[in-house]
Amino acid sequence: MINIKNSISNATLLISAVIFLISLYLIFIWVPTEINQGIAQRIFYFHVPIGWLGMISIIIVAISSFIHLITKNEKWDNLAYSSAELGIIFASLILVTGSIWAKPIWGVWWTWDPKLTTTLILWFFYLGYLMVRSYSPAGIQSKQYSSVIALIGAIDAPIIYMASVWWRSAHPSPNIPMDLDSKMLITFLISLLSFTILYIYMLNKRYNLKKIEGKIDEIYRNIN
Amino acid sequence: MRYIETLINYSFLKNIISILFISLMFLMTQDIIFSSDGGTSAANGQIIIKESNSNLGYLFAVFFVTWIAFFGYLFFMSKKQENIIHDIKELENIISNEKS
């Protein structure tokens with residue numbers, strides 16, 4: 001059973017690597033350059049998939065935390081924690097890659113645009129979640145507190161998505177334009193697929209490690 | 001023991017894939033990152049698309065930061081895995097000592 005799971009995991013990593021290579025070829029060489037933003041627009045092929053996964057992460061954390069609060073089943077807490085850990089990496093990357101895009105296009109690294117500000121708030125929610133888990137005494141209470149943080153943090157995800165629609169924002173619209181060049185659309189979709197597969201791989205790995213860590217802690221507690 | 005061996009073999013495979021992946025990415029991107037025109041060259045050496053390369057540095061920075069973050073996280077997970085292997089071995093020792 002372990003061998004089968006490892007084979008699936010390795011296959012996911014291999015598929016992810018192959019699709020990433022294809023997407024890199026598409027991003028750097030194949031896709032046409034956008035007329036207004038120039039080469040900096042290609043940053044979107046990294047930034048947008050990372051942004052989507054950063055938002056999906058908090059939704060996974062919130063749903064898993066909610067189920068954990070009801071059922072008290074450890075596997076849901078393990079999933080929530082693993083997703084939160086990945087979420088903070090993706091949220092950090094959203095902010096960094098967004099800043100790098102903003103510099104040549106807006107002329108500044110950072111501005112208090114609604115979309116950027118709400119994304120920063122999401123980053124703080126992830127940080128809060130992980131800090132509660134790290135610094136609270138181990139036990140059911142820290143899991144409950146962090147679950148509540150995750151549930152509140154999930155409210156931020158749709159706000160981030162709609163921020164550029166609800167408020168006057170310099171950030172591009174969240175919708176894919178209808179007249180988008182087919183090559184740009186293909187590149188974007190393949191990039192999204194490659195990041196998603198890598199996300200699934202890393203989430204699965206982290207979840208399994210977290211599960212084993214929990215079991216080892218339990219054995220140590222029983223021995224002592 | 002079989003489980004530990006599987007974990008060790010898995011780490012080795014992951015390292016090999018990572019090195020191959022980085023090498024291939026470098027080979028694929030070095031032409032346009034270090035080229036002077038930032039465009040695509042035709043087979044006969046003529047440049048068919050000329051683009052300003054002033055923002056290529058930003059694109060490469062995004063690419064670099066993204067991969068540093070992902071590989072950093074994978075490294076963090078491999079360290080966690082090593083700790084788990086160490087813990088399992090320690091538990092095995094404790095159990096074998098108790099038996100003897």
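## Chain B

Chain B has two helices and zero strands; helices (H or I, at least four residues) and strands (E, at least two) are DSSP runs, numbered from the N terminus. This is a predicted model, in which local features need pLDDT of at least 70, side-chain atom pairs count only at pLDDT 80 or more, and totals for chains, interfaces and linings use all residues. Residues are numbered from 1 along each chain as its sequence is written, and side-chain values use heavy atoms, with hydrogens and water left out.

Of the 100 residues in chain B, 34% are buried (under 20% relative accessible area, 1.4 Å probe, protein chains only).

## Packing of H2(A) and H4(A)

The axes of H2(A) and H4(A) lie 11 Å apart at an angle of about 40°; axes are lines fitted to C-alpha atoms, for helices over the stretch in contact, and angles run from 0 to 180 degrees between N-to-C directions.

From H2(A), Gly54(A), Ser57(A), Ile58(A), Val61(A) and Ser65(A) meet Leu122(A), Tyr126(A) and Tyr129(A) of H4(A), contact meaning heavy atoms within 4.5 Å. Beyond its neighbours within four places in sequence, Tyr126(A) also touches residues including Ala84(A), Gly87(A), Ile88(A) and Ala91(A).

Methods. Chains lettered and ligands numbered in written order. Buried < 20%, exposed > 50% of the residue type's maximum accessible area, 1.4 Å probe, protein only.
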